[in-house]
Amino acid sequence: MDADERGKLQIMPKASTSSSLSHRVSSAMLWNSALFPVKLGLALGSGMVLTRVLNKHDFAQYILIASVAALIGTYVDLGMERSVSRFTPEIEVSAGRAGLKKFFAQLFGIKLLFILPVIVAFTLAPDFFIRILALGEDGPILLWGIALLVILGVVADVFVQFLYTHFKQIATNLLDIVASIVQPLLVTGAALLTTGVVGVVAAMVFSSALLDGLAAWRARALVNQIPLRDGALPHRLWQRFAHVSALNFIVTATAALGEPGFAALILTGTKQLTAVAVLAVGYRFTQYFLRFLVAPLTGIQTPLFARLYAENKMDQVRAAYSTLTKFFVFMLTPCGIVLGLLAPRLIPFLFTETYEQSAIIAIILIVFLFGETLTSIPQSMLIVFQSSRAVLWSRLITLLIIPLLLWLAPSWGAVGAAIALGAPRFGARVYATLYTARHYGIQFPFGFLLRVSAAAGLAALPMLLARDLDWWWLGGATALFGILFLSLFKLFGGFDASEKERLKTLNLPRKELFLKWL
């Protein structure tokens, strides 16, 4: 890392003391962990009801509409949403409350300007979009539902990113819970009342508007707590913001290709609309549990690395990478094995036997998406370091999704789509990890991964033997897995001494008992 690279971020605000930052991070992790089970239960319950109430065609259409709205929202955002957390601390220091208000006003003006062409296109050529999206007789209403979801998505996401910069995990999780309660209840209610896809989309629009209002309220309350300062916006703010946004756009735009929305368009275009539903159930099943497992670190990585890098504390950056990656390895490796063994029994039980093929989708995605998450942290680090070329190359790898989808989806359907989505995503993160290791001196914890994998693999043997037996046997084998894994992990060496010392600095519940066991 040369002096010019360090200089790029020297104007960022100095963080508080290391102990204060550690306390804020650990508190944010605790609130993320405490509140996410509620969101997981509501999302899972809503999915179970929808797959039972809606037939495969209607469920696929609902998934397609939600996915297309998210896909459009990603591309008109141009990476601006994720760049908010990078610059708002700097704006607070230089211009205070007034500077933040001016920044958000200009930002929303720019975002709305980029949404305008979408609205114009929907207005001038509605029949074209209704046909390619297979919206049917209710096409005009559903098309405007998509437009409203795109517009409403502008507000909440930006304000949530701002709340993340102050580690306001209580506020962001409560916003998520409100959204997770209201939207599933409204969507499920609309489905139960047999209002069809139109009613379901109307429920999504209403709940999105409610979330916008709540997010704006919480963000405004936070802004009003920031002191007034005499000063202008930082030097060359929008030029630097555009640069970081471009990097983030490369990430988000290519990542969007790896979401079911793009695959749903390909499957719909090849007359496989029901395959959209099969893919969605397998993908959502995997994401439900993956998000639950990584919930403690939601909204923490970028602000943490940005503050440490701004102070040129590269040793602490490497230590933070090591700790966060080991957390992912410890959580994701055993849970991925368990989830893969349970999927063939659990998915038909939760989502009806008509989605039995979704279990294959889930197993494929568990391998690729869990692997992607294990190697995901260097991607955030490279964006903070403004290593544009490395970010560009890592994201170019994900463009392989396009030819793979066009090759595999027409003949292999949802299974081919799952392989096409997962493999390039994992490959891109592996490249970012290798580049960061070479240029910034991080070390992936292969030894720790081997210990965890060995313990998890041996502990899974009873589950493998009981996978076709009654639920009582399978449930007992799953409980036994937890006991065996923890015992074997400790037997194989457990956490390193340095990690045990680092755990002592975190504000975790029952920390003394955990450290005693280690």
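Me: Which residues of α10 are buried?

Reply: In this predicted model, the buried residues of α10 are P260, G261, F262, A263, A264, I266, L267 and T268.

Me: Why is helix α10 called largely enclosed?

Reply: Helix α10 covers residues 260–269, and eight of its 10 residues are buried, so the rest of the structure largely encloses it. To count as buried, a residue must have under 20% relative accessible area.

Me: What covers the buried residues of α10?

Reply: The cover includes α3 (56–77), α5 (126–132), α9 (237–257), α11 (273–294) and α17 (401–440). After α10 comes K271, which has a positive phi, near 60°.

Me: What does L405 touch?

Reply: Not counting residues up to four places away in sequence, L405 touches F262, A263, I266, P410, A417, A420 and L421. Among these, F262, A263 and I266 are also on the list of buried α10 residues.

Me: What makes L405 stand out in the largest nonpolar core?

Reply: That core has 146 residues, and F285 and L405 touch the most other members. The element giving the most to this core is α13, with 18 residues.

Me: Why does T373 count as buried?

Reply: Set its value against the cut-off: T373 has 12% relative accessibility, and buried means under 20%, so T373 counts as buried. T373 lies in helix α14. Leaving aside neighbours within four places in sequence, T373 is in contact with L290, V294, F328 and L332.

Me: And why is T375 called buried?

Reply: Same test again: T375 comes in at 9% relative accessibility, and the limit is under 20%, so T375 is buried too. T375 sits in the loop between α14 and α15 (377–384). Once residues up to four places away in sequence are set aside, T375 touches F426, R429, V430, T433 and F444.

Me: What makes the second largest cavity a cavity, and what lines it?

Reply: A cavity is a space where a 1.4 Å probe fits but cannot get out.

Me: What lines the second largest pocket?

Reply: This pocket, unlike a cavity, is an open set. The second largest pocket has a volume of about 480 Å³. Its lining has 21 residues, and F370, G371, L374, F426 and L449 lie nearest its centre. At least two lining residues come from each of α13 (314–351), α14 (358–374), α17 and α18 (446–459). By class, the lining has 15 nonpolar, six polar and no charged residues.

Me: What does the chain come to as secondary structure, and how much of it is buried?

Reply: The chain has 22 helices and zero strands, and buried residues make up 54% of its 518 residues.

Definitions and conventions
Residues are numbered from 1 along each chain as its sequence is written. This is a predicted model: local features need pLDDT of at least 70, side-chain atom pairs count only at pLDDT 80 or more; totals for chains, interfaces and linings use all residues. Side-chain values use heavy atoms; hydrogens and water are left out. Buried means under 20% relative accessible area, exposed over 50%, partly exposed in between (1.4 Å probe, protein chains only). Helices (H or I, at least four residues) and strands (E, at least two) are DSSP runs, numbered from the N terminus. Contact means heavy atoms within 4.5 Å. On a 1 Å grid over the protein atoms alone, a cavity is a set of points where a 1.4 Å probe fits but cannot get out, and a pocket is an open set with protein on both sides within 12 Å along at least five of seven lines; lining residues have an atom within 4 Å of a point. Grid points are joined across faces, edges and corners, and a volume is the space filled by probe spheres set on the points. Ala, Val, Leu, Ile, Met, Phe, Trp, Tyr, Cys and Pro count as nonpolar, Asp, Glu, Lys and Arg as charged, and the others, Gly among them, as polar. A nonpolar core is a set of buried Ala, Val, Leu, Ile, Met, Phe, Trp, Tyr and Cys residues joined through side-chain atoms within 4.5 Å.
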